[in-house]
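Welcome! Take a look at the structure, then work through each one.

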Amino acid sequence: MAAEKLRDLSQPIDVGLLDATVAAFYGTGSKEERTAADHILRELQNNPDMWLQVVHILSNTQNLNTKFFALQVLEGVIKYRWNVLPVEQRDGMKNYISDVIVKLSSNEGSFRQERLYVNKLNIILVQILKHEWPARWRSFIPDLVTAAKTSETICENCMAILKLLSEEVFDFSRGEMTQQKIKELKQSLNSEFQLIHELCLYVLSASQRTELIRATLATLHAFLSWIPLGYIFESPLLETLLKFFPVPSYRNLTLQCLTEVAALNFGDFYNMQYVNMYNTFMVQLQNVLPTSTSIPDAYAQGSSEEQAFIQNLALFFTSFYKFHIRVLESSQENINSLLMGLEYLTNISYVDDTEVFKVCLDYWNSLVTELFEANHHLDNHAATANMMGLQMPMLPGMVDGVGTQLLQRRQLYAGPMSKLRLLMISRMAKPEEVLIVEDENGNIVRETLKDNDVLVQYKIMRETLIYLSHLDHDDTEKQMLKKLSKQLNGEDWNWNNLNTLCWAIGSISGSMMEDQENRFLVMVIRDLLNLCEITKGKDNKAVIASNIMYVVGQYPRFLRAHWKFLKTVVNKLFEFMHETHPGVQDMACDTFLKIVQKCKRKFVIVQVGENEPFVSELLTTLPTTIADLEPHQIHSFYESVGHMIQAESEASKRDEYLQRLMSLPNQKWVEIIGHARGNVDVLKDQDIIRTVLNILQTNTSAATALGTYFLPQITLIFLDMLNVYKMYSELISSGIAGGGPYASKSSYVKLLRSVKRETLKLIETFLDKAEDQPQIGKQFVPPMMDPVLGDYARNVPDAREPEVLSLFATIINKYKVAMIDDVPRIFEAVFQCTLEMITKNFEDYPEHRLKFFSLLRAIATHCFQALILLSPEQLKLVMDSVMWAFRHTERNIAETGLNLLLEMLKNFQNSEFCNQYFRSYFVLIVQEIFAVLTDTFHKPGFKLHVLVLQHLFCLVESGSLTEPLWDASTVPYPYPNNGMFVREYTIKLLGASFPNIPASEVTKFVNGLFESRADLSTFKNHIRDFLVQSKEFSAQDNKDLYAEEAAAQRERERQRMLSIPGLIAPNEIQDEMADS
């Protein structure tokens, strides 16, 4: 009954009843009551006439939740329907909201009491302003400033409104408003700023109220980043701020304002003002925080206000130096206060807080980059001159001018840089390769989760330290060796100090000249091996072992040049492979693999003083070396040895090594297959199944490293392996058929499936890594047709392996057109039956989905002719499945579907079936792409959606389509051409989908698409603006729409890093290093 009464909006709503409903929703009553209340409130919220009741509700309720509910309804209208309301309704609402705000904020009591409500009203007012101001509410700023002067509480609230307005326009506007609207609002704020400026200065000079002054400082902070500079530097504003800085209650806000000023950067015009501001600030800072204070201790013991102060101080220094450090280098007096500031910043960098450290680190990184780049150009000039036989002073600008300046600048920063090296070495973050960590109880354990924040921090610290090393190699080396000697003599020994030091040593690999690096490393490795000998205790040994492994893994160039060291290190790793402390064996296997990949040639040649190559010696002792390793570690070991064997150029030796490497798993395999020939039931035993799985995994690891050279081994086991596959497959199918719904989840079936999957993975790995030799394809593909493909088709859905799809995708990608005769067979076996599995919903069989579309894409790319030969029904199935793919919210599947669609559009456009294909699918594709483009669930696909639309619009205007796209029987009048038809169709489609956008805007958008179709970036921006206008996108995170621009920026950064020695670690560079 009550619900009916509320739903009837023809007369004023019963506010008491609404209060009760809201109370029931937020209350502690039964679940049913809450659900019923929720249902009514949602219904009211979605009723388009509900907003007309808002004034009535706000005037008659005392309940804050009810007020918020009414304001929520109003906010929806303002966001999405404001511009279509009649003028008098808009003005009425605007005046009502303004009046309520003034009434509540004009007296202290109601303003403090109703604070939450007033804040929400302020937000509503700013939402209205975004539509009304400046065009329809010219007097807004003058009215606001006049109101502010009538009482201090109104003034405080006006400051809050101005702050909100500034944030809406300058900080949160991207993706919320169209580019044109943002520009208009920015210009209005700029032109009317004088009144706001006068008001702020008036408050700061005349008011005694703490709350008002704090509100004014907060508003200034929001404005300072964009206001015209004259208001800052040609008015008393800076002096006023510096006057407030020493006062504890305003210290943090003032510091934030000064930081905003410090971050402004518009040429040299105001340099003197900056110098004065900095020097005045430094004098005051020494009273607030004397230079003798230990900042890390003060931070650890400080209140949250004091901690925020230190963080703000870091932001102030880093912002100021980023833009104005050069101004302070001009005179000795300024240099002294600059060095004092850098000293403060260095001390703040030792604070044990990640956020504070990030702020400091970012700045240190940019400072050393700048110092390095200037010197880098200078050093390059000098080097070039020397190579050309010129004497140094011959270079222009070296005698006086640039060269001297750079050297002076280098000397000026030598002291701070040396302290910075110590900071970086002491606080170095953990690199990814290190698996051994200290847990919260102080035990040494294997790391279980990767911490991405630490990895990002490691990358920045590593880059900073490499630049510091380039600026002064000797100081870097001296500081590292000094810290290492303190570890050895026990003066400074603890896990953390040794870790950070070794991570720092590993991180600068590649930055020194080779002879210096060799000298340095001989000392480091010798000291670390000694430390390992003299230190007692399992945990200590594990930490040292982890550090030795990390350091040697980082220096492949050194190991390649020093066989004795390389051999010692590898034997040490074999020793660690017997060490059962958690993480040590894993790290030993990882490091072994890493070193072998970079030094593989060294292991297959006979070294001076040796009788046989190392690999041969290793294969002899292999059983004992791997005796204590877990299966996954053994697989890694086999991969490493595979890399060694792959480096042997003589085929007979290579085959002999391979046969010796695989002898353990092969003996076991022959034994199992032999038993099975006598009695096939042997293969059903769980332990035997596990052994078979392990043997296959070992083979896969070796195949990963050996590629084509793995041929003799796979030939040996291939046919037996297919027989086992077939038998296990039948076991699975009968198990699932007879075992009820959960049979596919039983551990036995899972184990059997692992063997099938590993078999497919082994074949796929081998074919993928093998060189492109057609005879390999001819040898391996035909025997698999029935056991693998036929088996897939015969199985029940739950027993089909998705790896079959990826295996055939790999085969088609590898052998391309050579596979065209097999495509119909593949189609027949997997197409229909897989589609039935994946088109029931978007969730089941996730792996089959992705792999199925990858297979389709391989066929479309390399065997397109096979698609043309499909019957129309089959082609329709393909197209349906492509559309099904890009409707997925699972990003990988949607992207594969869109890429596949693009391939098909291009290929069909160039085929003789162009007209037929597009007549069937053009309109459908346009409709489906617009559906996913505008529904906000598929933002990551934005770039590809745009490419598909661009392709279609270019195609329709290119004249390639010679027949009409519309169906003459259903369209009453003929269009002059396809372009006109598509234009009209798209306008109708979007007009129907977005009733909130005026028809003229939709037409303008579609015409714009046709006009900008040739220029991708205009086309893309045009679509972005439309999406912002369509209400769906206005309140969301839209960064995916800008993803492509971000990727281009990352590639430029990589190219820059490649040009500086050491920035990309030597073990990450894909080289066949001169390893002979």
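**Exercise 1. Find which residues of helix 39 meet which residues of helix 41, and describe how the two helices pack.**

Step 1. From helix 39, the residues Met-785, Asp-786, Leu-789, Tyr-792 and Ala-793 meet Arg-825, Ile-826, Ala-829, Val-830, Cys-833 and Thr-834 of helix 41 (contact means heavy atoms within 4.5 Å; helices are DSSP runs of H or I, at least four residues, numbered from the N terminus).

Step 2. Sorted by class, this contact of helix 39 with helix 41 has eight nonpolar, one polar and two charged residues. Here Ala, Val, Leu, Ile, Met, Phe, Trp, Tyr, Cys and Pro count as nonpolar, Asp, Glu, Lys and Arg as charged, and the others, Gly among them, as polar.

Step 3. Helix 39 spans residues 774–794 and helix 41 spans residues 823–838; they pack at an angle of about 25 degrees with axes 8 Å apart. Axes are lines fitted to C-alpha atoms, for helices over the stretch in contact, and angles run from 0 to 180 degrees between N-to-C directions.

Step 4. Helix 39 and helix 41 are therefore roughly parallel (under 35 degrees; over 145 is roughly antiparallel, 65 to 115 roughly perpendicular, the rest oblique).

A note on the model: it is predicted, so local features need pLDDT of at least 70 and side-chain atom pairs count only at pLDDT 80 or more, while totals for chains, interfaces and linings use all residues. Residues are numbered from 1 along each chain as its sequence is written, and side-chain values use heavy atoms, with hydrogens and water left out.

**Exercise 2. Describe how helix 2 and helix 3 cross.**

Step 1. The axes of helix 2 (residues 15–26) and helix 3 (residues 31–46) come within 8 Å and cross at roughly 125 degrees.

Step 2. That makes helix 2 oblique to helix 3.

**Exercise 3. What lines the second largest cavity?**

Step 1. The lining consists of Ile-826, Phe-827, Val-830, Phe-831, Phe-852, Leu-855, Leu-856 and Ile-859.

Step 2. By class, the lining of the second largest cavity has eight nonpolar, no polar and no charged residues.Step 4. On a 1 Å grid over the protein atoms alone, a cavity is a set of points where a 1.4 Å probe fits but cannot get out, and lining residues have an atom within 4 Å of a point.

Methods. 1 Å grid on protein atoms, 1.4 Å probe; cavity = no way out; pocket = protein on both sides within 12 Å on 5 of 7 lines; lining within 4 Å.
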